[in-house]
Amino acid sequence: MQNDLGDVDRMVVALKTAVDGTLDSAAMFKFEICTSEALTNIVKHAAPIAKNASILVQLSEAESTLDVMIFDPAGAAPFDLRDHARDLDTVDPLAESGRGLGLIMQCADAVDYGSHDGRTRLILTFMKSGEF
């Protein structure tokens, strides 16, 4: 996808279509929240070398899980959301922002982040049943 906020909704819809029938309704809800938050944060906060650098998104299915792998744009500084996510209980309920990373950590069944083939990669894992 392009590193553009306008592409986030299109990508989330495309991902939901791609996994339709794979995840139950609870898992699909968590999947949608996480992919939307993760992609929005990358577009807003990752600083790629080139403005037109793309964000690569891949899906991988196992027997009981589904992974979405999101590769930062080339040249973006690493940002491990696990180190920066706020506990949702500490966020002011009237605050306009500050929940996204916490939502990802709460909704994904597993979160991994690291370098892969010269790019940083976020892996969000979802149990197909929506239960961990």
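**Figure 1. How much of the chain is buried.** In this predicted model, 43% of the 132 residues in the protein chain are buried. The accessible surface of the chain comes to about 7,500 Å², and carbon and sulfur atoms hold 51% of that surface. Look also at who touches whom: among contacts with a separation of 6 or more, 61% link residues 24 or more positions apart.

**Figure 2. The order of helices and strands.** Count along with the view and you will find three helices and four strands. Which order do these elements follow from the N terminus on? They run α-α-β-β-α-β-β.

**Figure 3. The hairpin of β1 and β2.** Here strand β1, residues 56-61, sits beside strand β2, residues 65-71. The two strands run antiparallel and are joined by six bridges. Three residues lie between β1 and β2 in this hairpin.

**Figure 4. Thr-22 in the loop between α1 and α2.** Helix α1 covers residues 5-19 and helix α2 covers residues 25-45, with Thr-22 in the loop between them. Is Thr-22 buried or exposed? Its relative accessible area is 19%, so Thr-22 counts as buried, the cut-off being under 20%. Leaving aside residues up to four places away in sequence, Thr-22 touches Glu-61 and Lys-128.

**Figure 5. Leu-23 and its contacts.** Leu-23 lies in the loop between α1 and α2 as well. Because its relative accessibility is 9%, Leu-23 counts as buried. Which residues does Leu-23 touch, not counting those up to four places away in sequence? They are Met-28, Phe-31, Leu-66, Met-127 and Lys-128. Now find Thr-65, which is 42 residues from Leu-23 along the chain. The C-alpha atoms of Leu-23 and Thr-65 are separated by 8.7 Å.

**Figure 6. Asp-117 in the loop between β3 and β4.** Strand β3 covers residues 110-116 and strand β4 covers residues 119-127, and Asp-117 is found in the loop between them. Asp-117 counts as exposed because its relative accessibility is 72%, with the cut-off at over 50%. Next, check the backbone: phi of Asp-117 is near 50°, a positive value in a residue other than glycine. For comparison, most residues other than glycine have a negative phi.

Notes: Residues are numbered from 1 along each chain as its sequence is written. This is a predicted model: local features need pLDDT of at least 70, side-chain atom pairs count only at pLDDT 80 or more; totals for chains, interfaces and linings use all residues. Side-chain values use heavy atoms; hydrogens and water are left out. Buried means under 20% relative accessible area, exposed over 50%, partly exposed in between (1.4 Å probe, protein chains only). Contact means heavy atoms within 4.5 Å. Accessible areas come from the Shrake-Rupley method with a 1.4 Å probe; for residues, only the protein chains shown count as cover. Two strands pair if DSSP finds at least two bridges between them.
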